[in-house]
Amino acid sequence: MSAALTPEDFRGFLHDAAMFPPGDLPLEKAVPAHLEHQRAWYRKMVSFLVVPAARLDDLPELPDGGSVTLSVTFPQGPDMLEQVVTRVVPAPGYDIEATEIAVPEGVTPEDLLSVVDEALHPGEVTGYVEVPRDDRRDAVLDVLAGTRYGAKFRTGGLTPEAHPSEAELAHLIHGAVTRGLYFKCTAGLHHAVRHTDGDLEQHGFLNVLLATDAALDGAGPADLAALLADRSPAFTLDAARLTAVRRVFQGIGTCSIADPVNDLLALGLIEGNRIP
């Protein structure tokens, strides 16, 4: 079957989170690996290197002419945000293009957005706010609505409890679409189709793309949950529809670049050489 899509259709979809579990690649290896991705045939599919704010001082020097765009995570909240985005990154060639900010316990969504507004100037750095998986989630989505910030949904982890159910993730996708929000997903989503990995029930990024498309067409949470649960979904999005969906579902944080690329190759959705 000839591929209907190209790496260009998935431009920037893969946020390189090689340093995070379960990959846990050391920073001194993650940066050279990211540079290799930038030279590969699938390079258009790869965007940021995701780095914790606490590790910025450890960034290795880049080779002459090397450049790396960063998405910086703030798992403890936005306290250090302004200091980080206004600083000169220690090693030349790095550029902070996105931030991923958690909402700490005891901090209201309104207070968090006030701090973020002070730190991030429009058009300079993309801001994703991680939506908590508790009773604060709708309040956070409500506050993000009408702002320039996106949502970050955690879709997995190292334990079964870290993986949201189909109903929970469907609620988040529906909530984002109906509020006009864009979002990214992170953790447990580096394979294309829903599957079982040991004792982990893992979502598929193609399922999330299809559910987002359905939400844009007015589908409700129950229909989205059914799409997320499908273990053999028919991926019917052409390039134009995928572009529209990608404006909303912008990308995935993945510790493996090879897994999602190889899955797309195996499904015949793109063409290229398998990544070893």
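1. The model is predicted.

2. The second largest pocket has a volume of about 220 Å³. It is lined by 14 residues, and the closest to its centre are Ala 53, Ala 54, Phe 74, Met 80 and Val 84. Strand β3 and helix α2 (81-85) each supply at least two residues of this lining.

3. The largest pocket has a volume of about 490 Å³. Its lining holds 29 residues, with Phe 20, Pro 21, Arg 154, Thr 186 and Ala 187 the closest to the centre. Two or more lining residues come from each of β2, β3, β4, β6 (150-154), β7 (183-186), β9 (200-202) and β10 (249-254). By class, the lining of the largest pocket has 14 nonpolar, nine polar and six charged residues.

4. Which residues of α1 are buried? They are Leu 27, Ala 30, Val 31, His 34, Leu 35 and His 37. These residues lie on the same side of α1, because they cover an arc of only 155° around the axis. Their cover includes β1 (14-16), β2 (46-52), β3 (68-74) and β4 (94-101).

5. Turned away from the buried side of α1 is a face with the exposed residues Glu 28, Lys 29 and Arg 39.

Definitions and conventions: Residues numbered from 1 in each chain as written. Predicted model: local features only at pLDDT ≥ 70, side-chain atom pairs only at ≥ 80, totals over all residues. Heavy atoms only, no water. Buried < 20%, exposed > 50% of the residue type's maximum accessible area, 1.4 Å probe, protein only. Helix = DSSP H or I, 4+ residues; strand = E, 2+ residues; numbered from the N terminus. Arc of directions from axis to C-beta. Contact = heavy atoms within 4.5 Å. 1 Å grid on protein atoms, 1.4 Å probe; cavity = no way out; pocket = protein on both sides within 12 Å on 5 of 7 lines; lining within 4 Å. Points joined across faces, edges and corners; volume = space filled by probe spheres on them. Nonpolar A, V, L, I, M, F, W, Y, C, P; charged D, E, K, R; others polar.
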